[in-house]
Amino acid sequence: MTTAARIPVLIVLILGCLATLSHAHYIDQFYCGPDNCYELLGVSRESTKQEIAKSYRQLARKYHPDLHHGAEQKLIAEESFKKIATAYEVLKDEESRTDYNYMLDNPQAYYAHFYRYYRRKTKIDVRLVVVVTISIISCIQYVSRWQRYDTAIKYFMSLPKYRNKALEIIKDQQSGSNRSSGTDARQRAKQSKAEMKKEHDRQIREVIENNMDIQGAYAKPEITDILWIQLFLLPYTIGRYLWWLGRWIWKFNLCKQPYGREEQLYLVRKHMKLTQVQFDAIEADTVEEFLQQELWIKSNFTRWKIEQENEKKKQMADNPRYKAFRRYMKNHGPGRLTFEE
């Protein structure tokens with residue numbers, strides 16, 4: 001079974017698991033159903049493979065549909081023959097028999113029975129499923145980051161401020177280099193307007209990509225950003241973090257050394273409860289203001305936060321739409337819908 005074919009099987013198994021958990025006869029769907037495989041073959045759990053096979057052959061001869069006459073007798077024999085064959089399929093294989101015994105001893109372990117039973121039925125290797133899942137996530141992650149980066153570049157290309165700056169850089173580069181040869185001039189003359197525009201946009205895009213440092217979620221993706229590489233580098237990442245933590249404790253907690261710029265920015269980001277990507281998206285001038293106000297100091301940050309909250313409340317109080325909302329809440333309360341405001 002190919003990987004593509006296994007994905008629908010996994011979906012069916014998950015849906016089946018969710019469906020079967022809702023009623024009480026969950027275990028009846030596995031192995032011999034509500035019957036006991038050992039009892040169907042007339043053997044015990046201590047019976048050997050040879051004894052199980054011997055009992056199966058005897059019962060198979062007894063209940064084979066071809067040995068019975070009459071439609072009703074043949075139908076009854078056929079049903080018994082199917083149950084005996086199913087029981088033998090379960091008990092003749094050591095792995096299947098072990099899983100069946102585990103189900104008899106632990107009837108409440110629903111998820112374990114489901115996994116054990118369908119693992120053999122579909123021949124799905126859990127390791128393969130994990131590898132495929134991580135690979136799919138890594139591909140989606142990498143492609144989505146490239147799409148975000150491409151969206152950011154196209155946005156900057158559409159802004160006159162950056163587009164005109166890029167045109168100036170292109171003009172300076174062309175004037176600073178040697179004049180184009182006659183062959184290049186003739187090649188440009190043969191280009192259509194669409195081709196010339198395409199080449200023009202390509203040059204602008206190249207200048208913006210080379211001169212703009214886009215940070216945050218729209219930054220240019222790196223190969224180390226994908227999940228596979230991050231998992232591969234996990235031991236190194238953990239070791240590096242432990243080294244950084246030990247250095248921090250020694251340098252700043254024990255030796256009481258002053259914080260550097262990098263440590264100050266880390267503390268500011270920690271106080272704001274922002275991720276590195278979110279913090280990188282903040283304007284550089286705003287970050288410098290954070291440093292000037294010494295927000296890495298907890299007391300300064302607390303005071304700054306209160307000031308920001310008060311300023312926000314003041315702006316909302318002066319907002320006409322917020323005033324209308326407050327009047328509505330005062331006059332009608334939250335339990336009434338109206339279009340008066």
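Which side chains meet Arg202 in a salt bridge, and at what N to O distance? The side chain of Glu199 does so, at 2.6 Å from N to O, where a salt bridge is a side-chain nitrogen of Lys or Arg within 4 Å of a carboxyl oxygen of Asp or Glu. This is a predicted model, in which local features need pLDDT of at least 70 and side-chain atom pairs count only at pLDDT 80 or more, while totals for chains, interfaces and linings use all residues. Residues are numbered from 1 along each chain as its sequence is written, and side-chain values use heavy atoms, with hydrogens and water left out.

**Salt bridges within helices**

- The salt-bridge count comes to 14 by this rule.
- Arg202 and Glu199 are 3 residues apart in helix H10 (residues 193-211), so about one helical turn separates them; helices are DSSP runs (H or I, at least four residues), numbered from the N terminus.
- Arg202 is partly exposed, with a relative accessible area of 41%, and Glu199 is partly exposed at 30%; the term lies between buried (under 20% relative accessible area) and exposed (over 50%), using a 1.4 Å probe and protein chains only.
- In helix H7 (residues 126-158), Lys154 and Asp150 lie 4 residues apart, about one turn of the helix.
- Their side chains form a salt bridge with an N to O distance of 3.1 Å, and Asp150 counts as partly exposed at 23% relative accessibility.
- Asp150 and Lys154 also belong to a network of salt bridges that includes Arg205 and Glu209.

- Asp35 pairs with Lys83 in a salt bridge whose closest N and O atoms are 3.6 Å apart.
- This pair links distant parts of the chain, 48 residues apart: Asp35 is in the loop between helix H1 (3-20) and helix H2 (37-41), and Lys83 is in helix H4.
- Both partners are partly exposed, Asp35 with a relative accessible area of 29% and Lys83 with 41%.

**Contact of helices H4 and H5**

- The axes of helix H4 (residues 71-92) and helix H5 (residues 94-105) come within 5 Å and cross at roughly 100°; axes are lines fitted to C-alpha atoms, for helices over the stretch in contact, and angles run from 0 to 180 degrees between N-to-C directions.
- H4 and H5 are therefore roughly perpendicular to each other, a term that covers angles of 65 to 115 degrees.
- Glu89, Val90, Leu91 and Lys92 in H4 meet Glu94, Ser96, Arg97 and Tyr100 in H5, contact meaning heavy atoms within 4.5 Å.
- By class, this contact has 3 nonpolar, 1 polar and 4 charged residues; Ala, Val, Leu, Ile, Met, Phe, Trp, Tyr, Cys and Pro count as nonpolar, Asp, Glu, Lys and Arg as charged, and the others, Gly among them, as polar.

Terms used: Helices (H or I, at least four residues) and strands (E, at least two) are DSSP runs, numbered from the N terminus. Angles under 35 degrees count as roughly parallel, over 145 as roughly antiparallel, 65 to 115 as roughly perpendicular and the rest as oblique.
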